[in-house]
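Thanks for coming. I will go through one model today, starting with its sheet and ending with its nonpolar cores. Please have a look at it first.

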Amino acid sequence: MIHPVYIGCDVAKAHLDFFDAGTQKYIRIDNNPTAIGGWLSTLEGREAHVILEATGRYDRFLCAALETWRRPYCRVNPARARDFAKATGQLAKTDAIDAWLLSRMGETLAPPVAAPLDPARRKLSSLHTRRDQLVAMRQQERLRLHTADPLECDSIARHIGWLDAEIAALEKDCQSHVRENGMLNEQSIRLRSIPGVGPVTAFTLMAHMPELGGSSPGALAALAGLAPFNTDSGIHRGQRHIRGGRKRVRDALYMAALVAYRLKSPFARLVQAMQAKNKPFKVMIIAIARKLLVIANAVIRDKTMFKAA
């Protein structure tokens, strides 16, 4: 059995640092498609996996090139990589050390290979991410408006007006893109049949939760940060809390859960059972959000519409 060689990659805005466990060599290249393509050409004929930290948009050139060259790669949570470094006793931190630790993490833990993202879903993710950026900017401007001087109010109001128009245009682009793609359009219709799930929540799930329909409910809840984790030790039984996960997905499901809670009927039995146990309101909303995610996974997996029990 041939074990793959892991190449650790520390990602920065301007450059990429690699450590090749096979050759025991470091290399630094520019973070642009030309330099990445040249480096990948040197791996011809080798069974090598690239392992990198998930660093937002700084790794998009590398991931796109790896998928084009059909080279397997793993994206790991930066917090998990840092915890691995501490567990090995490595407290120093440089780009070269991080690349070496990532390659060692790959050899030790063999994390799962990342599934290539469908081009249509990638485009939807880019459009949706840009919309989220502008929505956050609009919220900041609205907060500033309450304490702004009269001289500033006109400027802020004009900016909010521009943001409103740009957000509406991006939402229209998302809708057009989904309608033009058969798979995404079908998934959108199925997701929107779930009580509380509107266009924005459906776009969020399709863009940022590609595992939907192909994973277990527990795994998806953990990915979304909706799985309560135990904090038990000895005879102590601590209160369980959710943590980690994909914040954007969790936020969208939380808002959808608020709408579903007001509808009452689809989740009345769940709400009544939790109210009987005197559960806090936020705990009930999180439980509904997780239920929505489980239902979304089921309708995508079974290719069916939501039907109330």
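**The sheet, the helices and the cores**

Strand S1 (residues 5–11) and strand S4 (residues 48–53) run parallel and are joined by 5 bridges. Before I go on: this is a predicted model, where local features need pLDDT of at least 70 and side-chain atom pairs count only at pLDDT 80 or more, while totals for chains, interfaces and linings use all residues. Residues are numbered from 1 along each chain as its sequence is written, and side-chain values use heavy atoms, with hydrogens and water left out.

A word on terms. Helices (H or I, at least four residues) and strands (E, at least two) are DSSP runs, numbered from the N terminus. Two strands pair if DSSP finds at least two bridges between them.

Back to the sheet. Tyr6 stands opposite His49 in S4. The sheet is open, with 5 strands in the order S3-S2-S1-S4-S5 and mixed pairing. Which strands stand at the edges? They are S3 (25–30) and S5 (73–76); each has a single partner strand, so one side of each has no neighbour in the sheet. From one strand to the next, the twist averages 25 degrees.

Now the helices around the sheet. Angles here run from 0 to 180 degrees between N-to-C directions, and axes are lines fitted to C-alpha atoms, for helices over the stretch in contact. Helix H1 (residues 33–41) lies across S1, strand S2 (15–20), S3 and S4, at about 150 degrees to S3. H4 also packs on the sheet, touching S1, S2, S3, S4 and S5, where contact means heavy atoms within 4.5 Å.

H4 (residues 95–109) has a helix partner too: helix H3 (residues 78–87) packs with it at an angle of about 90 degrees, the axes being 10 Å apart. That makes H3 roughly perpendicular to H4, a label for angles of 65 to 115 degrees. Among the residues that meet are Phe84 in H3 and Leu101 in H4.

Last, the cores. A nonpolar core is a set of buried Ala, Val, Leu, Ile, Met, Phe, Trp, Tyr and Cys residues joined through side-chain atoms within 4.5 Å; buried means under 20% relative accessible area (1.4 Å probe, protein chains only). The largest core has 44 residues, of which Leu191 and Leu212 touch the most other members. Its largest share, 11 residues, comes from H12. Leu191 is in contact with Leu212 and Ile300, among others. A second, separate core of 18 residues includes Ile7, Cys9, Leu16 and Ala48.

Key: Angles under 35 degrees count as roughly parallel, over 145 as roughly antiparallel, 65 to 115 as roughly perpendicular and the rest as oblique. Buried means under 20% relative accessible area, exposed over 50%, partly exposed in between (1.4 Å probe, protein chains only). Lists of a residue's contacts leave out its neighbours within four places in sequence.
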